[in-house]
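I opened this entry to keep track of what I looked up, step by step. The notes follow in the order of the checks.

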Amino acid sequence: MATIKIAATDRSPEVDFDFGANRFLIRGESYPEDVTEFYAGPIGQLEAHLTELSGAEIMFDFDLVYFNSSSAKVLIGLFEKLDEVAAAGNRVTVNWFHEDDDDNMKELGEEFGEDLETAVFRLVSKG
Amino acid sequence: MLAEDMRDFRQRLAREGVVFCYSGYLTENILTSIGAAVKTKLSVETSDKRTVRGLFSLLVEQVQNVIRYSAETEIISDQEDEGQDLRYGTLTVGKRDGQYFVACSNLVQRADVSRLRDNLERLRGLDADALKALYKETLRGDAPAGSKGAGAGFIEVARRAASGFDFDFCEADDTRAYFAIRAYI
């Protein structure tokens with residue numbers, strides 16, 4: 001099964017999607033020039049993959065330092081998709097990482113996480 | 001004369017609390033560089049990471065707003081970047097009355113002034129919970145016509161501007177107006 005690995009830049013995050021293990025990670029800064037262009041490919045493949053799963057164990061790590069409002073739109077769409085996949089009979093865990101002193105990143109995680117009905121949401125302080 | 005002019009210019013900036021000023025065409029590369037410079041400068045001045053992060057967010061949203069929507073553009077069509085356009089804007093970052101601010105100004109079409117003004121007035125009247133609800137609703141909805149992002153940039157500015165924001169407009173020419181916004185942490 002394929003993987004997608006994209007290295008981080010100053011304004012776009014590291015993406016590491018392991019479709020075989022159903023482990024997914026987005027880490028770093030996210031304010032790319034063209035959010036759609038950056039995310040459309042990997043997230044399109046991810047959604048196609050997730051839709052076919054049943055009874056799978058899926059873990060998604062969001063480990064972001066900063067993201068802009070355009071990226072927030074992508075993230076909220078991703079949360080919705082993950083919840084759908086959970087409701088369709090998969091075990092989905094969403095980990096939202098934040099620095100201990102970054103209240104804003106923690107609050108954003110809580111805001112997105114509170115809408116998850118079936119997927120399990122965990123806030124993880126990095127200390 | 002030259003040095004005197006520049007001294008006067010810098011003194012005016014200093015009087016207004018401006019520690020960083022850029023006027024010209026804005027690009028994503030310039031934004032990244034300015035962002036790094038402002039973060040470094042602030043990290044020396046304050047140990048409050050919340051202030052640094054908040055100011056960085058205000059900077060990104062406001063500058064990307066200029067890059068996407070400024071009505072003052074120049075089309076560059078060299079072979080590598082065919083059809084890419086450059087957008088003009090003026091950015092200042094500083095501190096007034098103990099509060100850090102990010103301000104941006106750019107030209108907008110006169111036809112867009114009333115819509116922008118209504119939108120910003122409305123945002124200024126919303127409390128934190130209402131802004132959060134509107135933010136999520138906007139992120140979930142279809143992007144507004146003509147928007148190149150999520151259409152949530154000003155909502156983000158309103159949420160991050162812990163001490164509020166000011167804005168106004170004035171005439172530029174027959175078809176365009178100057179727009180300025182200043183958000184305080």
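I began with helix H1 of chain B, residues 2-15, in what is a predicted model. Its 14 residues should span 20 Å at 1.5 Å a residue, and the end C-alpha atoms are 20 Å apart, so the two values agree. Just after H1(B), I found Gly17(B) with a positive phi of about 80 degrees.

**Chain A, overall**

I listed 3 helices and 6 strands in chain A. Read from the N terminus, their order is β-β-β-α-β-α-β-α-β. Next I checked the radius of gyration. A compact globule of 127 residues would come out near 14 Å; chain A has 14 Å, so it agrees with that rule. Along the principal axes, the C-alpha atoms fill a box of roughly 35 × 30 × 25 Å. I noted 54% of the 127 residues as buried. Among contacts with a separation of 6 or more, 64% join residues 24 or more positions apart.

**Salt bridges**

I counted 26 salt bridges over all chains.

- Glu14(A) pairs with Arg27(A), the closest N and O atoms being 3.1 Å apart. The pair links strand E2 to strand E3 of chain A across 13 residues. Glu14(A) is partly exposed at 23%, as is Arg27(A) at 36%.
- Asp61(A) pairs with Arg23(A) at 3.0 Å. Here strand E4 is tied to strand E3 of chain A, with the partners 38 residues apart. Asp61(A) counts as buried at 10% relative accessibility, whereas Arg23(A) is partly exposed at 40%.
- Arg140(B) pairs with Glu80(A) at 2.4 Å. Arg140(B) sits in helix H5 of chain B and Glu80(A) in helix H2 of chain A, so this bridge joins two chains. Arg140(B) is partly exposed at 39%; Glu80(A) is partly exposed at 35%.

Conventions:
Residues are numbered from 1 along each chain as its sequence is written. Chains are lettered from A and ligands numbered from 1 in the order in which they are written. This is a predicted model: local features need pLDDT of at least 70, side-chain atom pairs count only at pLDDT 80 or more; totals for chains, interfaces and linings use all residues. Side-chain values use heavy atoms; hydrogens and water are left out. Helices (H or I, at least four residues) and strands (E, at least two) are DSSP runs, numbered from the N terminus. The expected span of a helix is 1.5 Å times one less than its number of residues. The radius of gyration is taken over C-alpha atoms; the globule rule is 2.2 Å times the number of residues to the power 0.38. Buried means under 20% relative accessible area, exposed over 50%, partly exposed in between (1.4 Å probe, protein chains only). Contact means heavy atoms within 4.5 Å. A salt bridge is a side-chain nitrogen of Lys or Arg within 4 Å of a carboxyl oxygen of Asp or Glu.
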